[in-house]
Amino acid sequence: MGAGLFMAGITIGSLIDFSSPNPQNHDSLPIIPIEETYRDNATYAHPDDAPPDDTPLGIIIPPKEAALDFRGVRIKRGQGMMDTLVKSGATRKDAYKAITVLSQYYDMRKLPIGQALQAGYDPQGRLSSLNMQKDFDRMIRVKRSGDGYIATLNDLPSLTLTRHVQGVIDDSLFLSAYREGLPNSIIVEMIRIFSFDVDFQRDIRKGDRFEIFYERKMSEDGRRVEEGDILYAKLTLSGKPISLYRYKAKNGLFADYFHKNGQSAKKALMRTPIEGARLSSYYGKRKHPVLGYTRMHKGLDFSAPTGTPIMAAGDGIVERASRYGSFGNYVRIRHNGTYKTAYAHMSRYGRGIKSGKRVKQGQIIGYVGATGRVTGRHLHYEVLVNGKQVNPLHLKIPTGVTLKGDDKAKFLALAGNVDHQITAQKQNILLTSNQDVAMNDAGSPEPPLIMPAF
Ligand SMILES: [Zn+2]
């Protein structure tokens with residue numbers, strides 16, 4: 001159980017990446033001045049996670065021009081793109097120009113260690129082309145044009161498959177789903193989409209069930225695989241089913257998850273602004289651990305390791321992000337005219353979090369710490385209704401969008417199609433196993449020669 005929560009906790013980064021809008025929108029990306037500082041930002045969770053330098057550079061699709069001398073290179077720890085290109089044979093001037101156009105499609109500050117590149121040199125030894133895979137199915141191609149370079153972003157061929165998985169929860173949803181072969185990123189996303197309806201600390205019982213239908217993208221050669229979107233997911237908790245379908249509403253900016261009745265899963269506020277944490281202190285009267293006398297505890301305390309990400313419980317505007325007396329490093333978000341949430345004792349603030357900043361639900365606003373008047377690291381979390389703290393556990397959380405009219409009809413058609421696909425996949429599996437049974441039943445007239453050794 002603990003391990004399950006812990007695993008969910010450490011993979012929270014991918015959870016956030018999944019839900020946030022693409023920050024590298026190439027239409028609006030400004031040209032970023034080339035500095036060597038980005039290499040410090042290129043970090044892996046653990047040094048061993050960085051691909052070794054001798055990993056084959058197979059992911060680069062070689063272009064047709066045979067006259068060029070292609071050299072595969074990889075960004076090493078402590079090296080920037082500039083160093084890497086110069087080392088492979090480019091002049092600093094050419095490398096600078098090529099990186100400048102490349103950065104139209106890539107945020108160079110996010111360049112990871114291990115990123116593979118393919119540099120092409122003409123017979124005179126000049127840098128003539130540069131290819132870099134931006135993500136699973138897109139490649140940035142830089143080509144020499146006269147004295148400079150031009151960059152294009154190309155789609156790579158891929159196919160999308162669907163996968164249906166179901167199982168029984170033995171200990172935690174995370175571990176049970178993992179045993180059924182679901183990848184971490186999909187499990188974390190499943191936890192996220194249900195986090196508005198389910199309190200994962202309290203609602204999960206042994207024997208509860210999960211079901212999921214999701215996409216998996218595969219490169220044409222089958223060598224690269226990337227998990228896609230969850231199309232449908234269902235949890236049956238204490239016999240009560242909760243089903244969610246992915247759908248992009250007519251006025252929605254992004255696809256969201258909806259119940260079959262057309263109501264969005266996304267609530268104005270999440271139930272818990274942190275994953276993998278233990279609720280260590282409830283709302284109400286208690287003896288203050290530092291001051292010694294009894295007083296109201298006007299929030300919930302979540303115990304979690306220092307550095308655990310804290311999420312904005314809902315969309316809103318940061319009202320305060322600064323030191324605040326005994327609260328230490330403190331963030332307060334105004335969600336609407338009625339609701340605010342506050343987060344205290346943070347070790348540090350999330351990137352760009354400051355007063356006046358607009359935040360999205362699930363966005364990281366800070367990290368667990370022990371600043372202010374505390375005995376140990378934890379998140380102190382408050383919900384304020386009309387400026388007064390209320391018990392977050394007793395809150396009737398306001399609901400999100402409800403689909404209507406054409407939008408709802410479209411959603412229901414899509415949901416019906418997903419149900420149909422799942423039924424078809426289930427029947428296929430059944431058919432296959434029935435055939436096995438039939439073959440076993442028909443049997444061979446003689447017993448098999450090799451008996452299993454029991
Ligand atoms: Zn507290």
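This is a predicted model: local features need pLDDT of at least 70, side-chain atom pairs count only at pLDDT 80 or more; totals for chains, interfaces and linings use all residues.

User: In what order do the strands of the open sheet lie?

Analyst: The open sheet has five strands with antiparallel pairing. Its edges are β1 (69-74) and β5 (148-155), each pairing on one side only. Neighbouring strands are turned by 20° against each other on average, direction ignored. The order is β1-β2-β3-β4-β5.

User: Which residue in β4 does Ser 129 stand opposite?

Analyst: Strand β3 covers residues 127-135 and β4 covers residues 138-145. The two run antiparallel and are joined by six bridges. Opposite Ser 129 stands Lys 143.

User: Which strands does helix α5 touch as it packs on the sheet?

Analyst: Helix α5 spans residues 92-102, and its direction makes about 40° with that of β5. The strands it touches are β3, β4 and β5.

User: Why are the buried residues of α5 on the same side?

Analyst: Asp 94, Ala 95, Ala 98, Ile 99 and Leu 102 are the buried ones in α5. They lie on the same side of α5 because they cover an arc of only 125° around the axis. In general, an α-helix has 3.6 residues a turn, so residues three or four places apart point the same way. The value to remember here is the arc of only 125°.

User: Are Arg 92 and Lys 93 buried or exposed?

Analyst: The buried residues of α5 pack against α4 (81-88), β3, β4 and β5. Arg 92 and Lys 93 sit on the other side of α5, and there they are exposed.

Definitions and conventions: Residues are numbered from 1 along each chain as its sequence is written. Two strands pair if DSSP finds at least two bridges between them. Helices (H or I, at least four residues) and strands (E, at least two) are DSSP runs, numbered from the N terminus. Axes are lines fitted to C-alpha atoms, for helices over the stretch in contact, and angles run from 0 to 180 degrees between N-to-C directions. Two residues are in contact if their C-beta atoms, placed from the backbone, lie within 7 Å. A residue is buried if 20 or more other C-beta atoms lie within 10 Å of its own, exposed if 12 or fewer, and partly exposed in between; C-beta atoms are placed from the backbone. The arc is that of the directions from the helix axis to the C-beta atoms.
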